[in-house]
Amino acid sequence: MQITNVKIIVTSPGRNYVLVKIETDEPDLYGWGDATLNGRELAVASALEKHIGPLLIGRDPDRIEDIWQYLFRGTYWRGGPVLMTALAGVDLALWDIKGKRAGLPLYSLLGGKTREGALAYTHCGGQDFQEVEEHVRAAQEKGFKVIRVQVAIPGNVGTYGVGGAQEAAAATWGEGGALPQVERWEPGAYLRTVPRLLEHLRSRLGEEIELLHDVHERLNPIQAARLAREVEPFHLFFLEDPLRPEHKESFRLIRQHTTTPIAMGELFHSRWEALPLITEQLIDFIRCDLGHIGGLTEARKIAAIAESYQVQTAWHGPGDIAPITHAANVHLDTSITNFGVQEMVFFPEITQEVITGGPVFKDGYLWVTDKPGLGTDVDEVAAARYPYQRAYLPTVRRADGSVHDW
Ligand code: CS2
Ligand code: MG
């Protein structure tokens with residue numbers, strides 16, 4: 001069997017996605033991968049179209065590990081979000097082909113089910129504690145047992161995860177489309193507000209609902225240690241991304257000060273970035289994004305390493321990766337033993353019109369179908385109806401105008 005074509009589709013049904021179709025010389029045997037990188041979609045599409053795709057023509061799609069090694073090490077330049085997202089797109093498409101060829105859902109190829117469904121969590125935000133509480137209650141009504149909570153921070157502009165930023169500067173427009181929204185953030189107000197949000201929620205919702213919070217890499221080590229310790233009484237499921245990904249050694253400081261579980265990983269682009277946090281047990285949940293870490297081939301190795309250190313998985317599952325990666329998440333979740341929790345979103349109908357299939361949410365858990373492969377597909381005619389529209393992630397500046405981490 002041979003790869004005959006690598007097709008890249010950039011489409012924008014609700015938001016921009018980069019989709020990879022790998023076609024073979026066997027009739028109707030093809031695979032779809034997701035190579036979406038929010039705000040840098042065309043960089044990944046170009047890497048795939050101009051450099052990586054031509055290297056795949058004529059290769060045996062069954063040889064996934066060999067292709068992975070060739071694209072990661074065999075081309076000299078390695079790592080980073082663009083190339084690892086491109087590699088992930090190829091990897092997921094190849095696994096999709098393998099499953100279709102075997103007539104088996106991917107979880108079966110990965111060793112079969114270790115659980116019936118993957119415990120899921122969703123995002124709840126709000127402009128104030130009351131609104132967050134209302135959204136949490138609504139999510140509980142939907143069956144969620146684990147919920148991420150974020151709240152607008154007084155004096156800050158466009159706090160992450162609030163859903164409809166406070167007074168974020170409107171996205172400005174330049175030649176060719178939108179430019180990044182500029183938001184403002186100060187640590188003092190944030191550090192004072194988050195413990196009070198959790199105190200409010202625990203006092204009104206009780207202890208049973210599992211809550212987590214995403215710091216979004218915005219604190220320095222001592223601030224993160226302070227926050228992790230101050231939220232201890234509220235028993236978070238985990239505190240996510242307390243530090244910038246560059247500062248892995250500083251997780252030791254957080255560990256010294258708290259028993260709040262820590263999660264990190266969505267901004268890592270290789271297992272070597274995650275390795276010290278796992279082997280030193282500086283985190284409790286590894287949250288890599290299968291679409292940015294190099295795909296299923298890499299993520300299952302990370303899961304295996306983490307298993308030996310009692311670190312559980314919590315793969316990244318935001319709205320800015322395609323349902324294809326979400327499907328890969330859940331196939332892996334349901335075939336490993338150290339699964340922790342799975343982040344998810346509900347995709348709008350416009351997205352589901354183009355990218356069909358993907359995990360199904362029911363009673364707090366995510367399920368994948370028994371369809372062969374990933375169980376997703378792409379309607380190329382529909383995809384063509386939604387051309388790429390330039391868009392960026394916001395940027396953040398401190399009150400003094402200096403750059404901060406969004
Ligand atoms: C967030 C993401 O879901 C999360 O944990 O950190 O939504 C993240 O902000 C985006 O994926 C960035 O593109
Ligand atoms: Mg996050």
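Strands S1 and S2 form a hairpin with five residues between them. Gly-14 sits in that turn with a positive phi of about 100°. The model is predicted. It holds ligand 1, which 15 residues surround, and a magnesium ion, ligand 2, with three named protein donors: Asp-214, Glu-240 and Glu-266.

- Strand S1 covers residues 3-11, and strand S2 covers residues 17-24.
- The two strands pair in the antiparallel sense, over eight bridges.
- Within this pairing, Lys-7 stands opposite Lys-21 in S2.

**Ligand 1**

- The closest of the surrounding residues are His-216, Glu-240, Glu-266, Asp-320 and Glu-343.
- By class, the shell has four nonpolar, four polar and seven charged residues.
- Glu-266 has a side-chain N or O atom 2.5 Å from an oxygen atom of the ligand.
- Tyr-160 places a polar side-chain atom 3.1 Å from a ligand oxygen.
- For His-316, a polar side-chain atom lies 3.4 Å from an oxygen of ligand 1.
- On its own, ligand 1 has 340 Å² of accessible area, and the protein covers 88% of it.

**The magnesium ion**

- Asp-214 donates through OD, while Glu-240 and Glu-266 donate through OE.
- These donors lie 1.9 to 2.2 Å from the ion.
- Their spacing in sequence is D-x25-E-x25-E.
- Asp-214 and Glu-266 link distant parts of the chain, 52 residues apart.
- Asp-214 belongs to strand S9 (residues 210-214).
- Glu-266 lies in the loop between strand S11 (262-264) and helix H9 (271-279).
- Both Asp-214 and Glu-266 are buried.
- Glu-240 and Glu-266 are also among the residues closest to ligand 1.

**A three-stranded open sheet**

- Three strands form this sheet in the order S8-S19-S20, with mixed pairing.
- Strand S8 (182-184) and strand S20 (403-404) stand at the edges.
- Each edge strand has a single partner, so one side of each is left without a neighbour in the sheet.
- S8 pairs with strand S19 (residues 395-397) in the parallel sense, over three bridges.
- Arg-184 has Arg-397 in S19 as its bridge partner.

**Strands S4 and S5**

- Strand S4 (residues 118-124) pairs with S5 in the parallel sense, over four bridges.
- His-123 has Arg-148 in S5 as its bridge partner.
- In a regular strand, side chains alternate between the two faces of the sheet.
- In strand S5 (residues 146-149), Val-146 and Arg-148 point one way, and Ile-147 and Val-149 point the other way.
- All four of these S5 residues are buried.

**Individual residues**

- Leu-55 is in helix H1 (residues 41-56).
- Leu-55 counts as partly exposed because its relative accessibility is 29%, between the 20% and 50% cut-offs.
- The C-alpha atoms of Leu-55 and Ile-262 are separated by 40 Å, and the two residues are 207 apart along the chain.
- Gln-281 is not a glycine, yet its phi is positive, near 50°.
- Gln-281 lies in the loop between H9 and strand S12 (285-286).
- With a relative accessible area of 39%, Gln-281 is partly exposed.
- Asp-363, also a residue other than glycine, has a positive phi near 50°.
- Asp-363 is placed in the loop between strand S16 (360-362) and strand S17 (365-367).

How values were computed
Residues are numbered from 1 along each chain as its sequence is written. Chains are lettered from A and ligands numbered from 1 in the order in which they are written. This is a predicted model: local features need pLDDT of at least 70, side-chain atom pairs count only at pLDDT 80 or more; totals for chains, interfaces and linings use all residues. Side-chain values use heavy atoms; hydrogens and water are left out. A residue is near a molecule or strand if one of its heavy atoms lies within 4 Å of it. A polar contact is a pair of N or O atoms within 3.5 Å; within protein, one must be able to donate a hydrogen and the other to accept it, and residues adjacent in sequence count only if both atoms are side-chain atoms. Accessible areas come from the Shrake-Rupley method with a 1.4 Å probe; for residues, only the protein chains shown count as cover. Ala, Val, Leu, Ile, Met, Phe, Trp, Tyr, Cys and Pro count as nonpolar, Asp, Glu, Lys and Arg as charged, and the others, Gly among them, as polar. Donors are N, O and S atoms within 2.8 Å of the metal (3.2 Å for Na, K and Ca); water is not among the atoms, so sites may look incomplete. Buried means under 20% relative accessible area, exposed over 50%, partly exposed in between (1.4 Å probe, protein chains only). Two strands pair if DSSP finds at least two bridges between them.
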